[in-house]
Amino acid sequence: MIQLILFNVTNGLIIGAFYVLMALGLSLILNLSNVINFAHGGFLVVGGYIAYTLEPYLGFWGALVASPFLTAILGLAIERVLIRRVYGRDPLYSLLLTFGLAFVFEDGTRYIWGAQGKPFTVPAFLTQPLSNELFFITGYRLFMVAVVAVVVTGLFLLLRHTRMGIRIRAGTLDLDTVSALGVNVRALRSLNFGVGIFLAGLSGVLAGGQLGLEPTMGAGLLMPSFIAIIVGGVGSLIGTLVGGLLIGVAAGLTAVVMPQASEAVIYVMMAIVLLVRPRGLLGEEGMLT
Amino acid sequence: MSVAAGKVATVDADRERTRKLAILAAIWGALALAPFWMPYLGGYTALGTRVLVLGLGAMSVNFLLGFTGVLSFGHAAWFGLGAYGCGLVLRYVAHSTSLGILAGTVLGGILGAILGALIVRRRGVYFAMVTIAYGQVFYYIAFQWSSLTGGDDGLRDFQRAPLDLGVTSVDILYNSTAFYYFVLICFALVVVIMGFILRSPFGRTMIAIRENERRARFLGIPVDFHIWIAFTLSCFFMAFAGSLYALLNNFADPLGLHYSQSGNFVIMAVLGGMRKFWGPLLGAAVFVVLQDYVSSMTVNWQFFIGLLFVAVVLFFPRGLLGFFQQRGQA
């Protein structure tokens with residue numbers, strides 16, 4: 001029983017780590033540019049498939065590093081050509097635009113790489129269970145959590161200590177003033193979008209190693225990421241982090257008692273948060289509401 | 001001078017009124033005669049019925065989006081709930097079309113009213129996100145509770161019942177033209193109600209909130225309450241359209257609740273022109289015909305629907321009606 005609970009909690013933590021990576025990217029873009037990026041799941045899928053394509057040439061490690069950067073470059077191009085045009089307009093238009101892009105991505109990957117799932121092989125030494133007792137803790141799972149931890153720490157350090165990070169945080173609070181102080185807001189938004197898409201690409205590669213690749217995998221991860229943001233509080237990145245881990249673990253624990261409800265429980269959590277604390281756990285009143 | 005100007009104004013107003021009446025007559029005439037002219041353009045009656053039902057859904061979304069300025073991106077939830085309510089009654093309770101419609105409308109409307117009350121104070125992006133998540137809740141319920149809803153396969157094994165009018169009964173199951181007219185009458189009923197609400201003081205207040213919420217608040221209008229009422233009405237209309245959709249297909253499936261369906265309704269409204277009363281119907285017609293055509297050409301039809309979304313945002317943000325009107329004035 002203890003093993004079962006441990007198994008599901010670890011599972012939940014790992015899933016939560018994914019949600020965090022995905023939701024942090026979404027959250028960055030949402031906070032600074034007020035754009036809900038529906039196409040985020042699409043970028044995730046593209047990241048995974050690019051890694052799949054590169055692996056025969058660069059190997060696992062090369063693909064792991066290169067793919068997120070390439071995905072981010074694709075993201076920057078799309079931001080430049082399309083998304084930039086809807087900044088400052090009614091959020092309706094950015095929603096519809098990224099929503100359409102999500103369709104384009106999903107069918108585009110299906111067209112290029114085929115509808116069948118693709119395996120993304122990880123080095124053999126990572127797939128071994130670490131001990132017989134805790135058979136479910138494979139090296140790859142630990143590795144994923146470690147990567148997520150490092151990247152998330154890096155992101156928070158970046159935001160706290162670099163000039164760009166400080167500008168992004170300031171822009172989240174009051175973009176007009178930041179602009180008036182002489183910061184190039186266009187470039188800031190592009191850069192911020194690129195960072196968000198980088199995180200999506202990285203989640204795609206990591207998820208591909210664990211679950212294999214499918215054109216629809218992005219859509220399935222998108223909704224929990226939304227909920228992570230709502231539960232954690234719109235406008236707070238720490239909130240998104242907490243929200244993602246929380247719903248991951250909650251889903252894992254529910255799987256112990258009632259496996260079929262593990263997906264539903266995150267919506268219940270959202271409903272409770274909306275009822276009791278509409279701004280989200282760590283959200284500030286008045287942000288984007 | 002002022003007398004002459006006044007005269008010109010009344011002449012203009014008269015002309016405007018005649019023009020509006022002519023447009024209305026043309027719309028209703030085209031709808032009433034659709035089963036006769038559509039086959040010549042390569043359409044078929046069931047496609048026309050689909051346009052009416054989805055058009056009603058898009059108009060209900062637009063009731064909120066275009067006239068109150070509130071962006072709900074999860075309205076498929078109420079549409080799908082209407083469909084399931086109607087289907088479940090027809091399958092398990094009674095073989096009665098009117099009872100099915102009533103049940104569907106009430107189910108979607110009441111749940112919309114309750115959940116709407118939780119979020120009416122939210123706005124913009126946040127409102128959109130929460131409504132998307134709401135929609136997904138019902139999607140998962142319909143998906144998981146397969147003993148009741150048929151799960152992923154959808155709710156099957158029910159059929160619309162003949163209409164019992166006392167003296168005679170109308171077969172709307174096998175006679176698709178009769179069913180078209182039945183849906184048209186239902187459509188007209190709701191559209192007339194919508195039109196009256198929008199012309200009422202309440203409707204004017206909705207538009208005032210859309211134009212300037214802060215000013216409306218300063219005028220002492222209970223803005224949140226008005227938005228809640230508008231949201232609730234829109235949910236009832238939406239659920240009504242959803243019940244008709246279940247009758248149309250003799251089928252209800254979880255995808256009808258999914259947020260991609262919500263996106264389709266919003267794009268129909270925007271494509272046609274969301275500041276116009278009839279815009280969403282035009283948008284629905286274009287969307288349904290296009291989807292019907294593209295999905296018969298390629299399996300990757302969603303790719304092209306996605307491009308349509310992008311094109312609408314970039315080139316027709318005011319919709320087809322807004323676009324043509326602008327060109328007419330220029």
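**Ground rules**

I note that residues are numbered from 1 along each chain as its sequence is written, while chains are lettered from A in the order in which they are written. Since the model is predicted, I keep in mind that local features need pLDDT of at least 70, that side-chain atom pairs count only at pLDDT 80 or more, and that totals for chains use all residues, with hydrogens and water left out of side-chain values.

**Chain A as a whole**

I began with the elements of chain A and found 11 helices and zero strands, where helices are DSSP runs of H or I with at least four residues and strands are runs of E with at least two, numbered from the N terminus. The radius of gyration of chain A is 19 Å, close to the 19 Å that the globule rule gives for 289 residues, so chain A is as compact as a globular protein of that length; this radius is taken over C-alpha atoms, and the rule is 2.2 Å times the number of residues to the power 0.38. The C-alpha atoms of chain A fill a box of roughly 60 × 50 × 35 Å along the principal axes.

I then looked up burial, and 56% of the 289 residues of chain A count as buried (buried is under 20% relative accessible area, exposed over 50%, partly exposed in between, with a 1.4 Å probe and protein chains only). For contacts, meaning heavy atoms within 4.5 Å, I wrote down that among those in chain A between residues at least 6 apart in sequence, 76% join residues at least 24 apart.

**A:N34**

I found A:N34 in the loop between helix 1 (2-33) and helix 2 (40-81) of chain A, and its phi is near 60°, a positive value in a residue other than glycine. I noted this because most residues other than glycine have a negative phi. At 33% relative accessibility, A:N34 counts as partly exposed.

**Chain B as a whole**

The C-alpha atoms of chain B fill a box of roughly 75 × 50 × 45 Å along the principal axes, and buried residues make up 53% of the 330 residues. Of the contacts in chain B with a separation of 6 or more, 77% are between residues 24 or more positions apart.

**Helix 11 of chain B**

I followed helix 11 (residues 223-249) of chain B, whose 27 residues reach 39 Å from the first C-alpha to the last, close to the 39 Å expected at 1.5 Å a residue; the expected span is 1.5 Å times one less than the number of residues. This helix is mostly covered, with 20 of its 27 residues buried.

Within helix 11 I picked out B:H226, which counts as buried because its relative accessibility is 13%. Leaving aside neighbours within four places in sequence, B:H226 is in contact with B:F202, B:T205, B:I209 and B:I221.

After helix 11 comes B:N250, which lies in the loop between helix 11 and helix 12 (259-272) of chain B. The phi of B:N250 is near 50°, again a positive value in a residue other than glycine.
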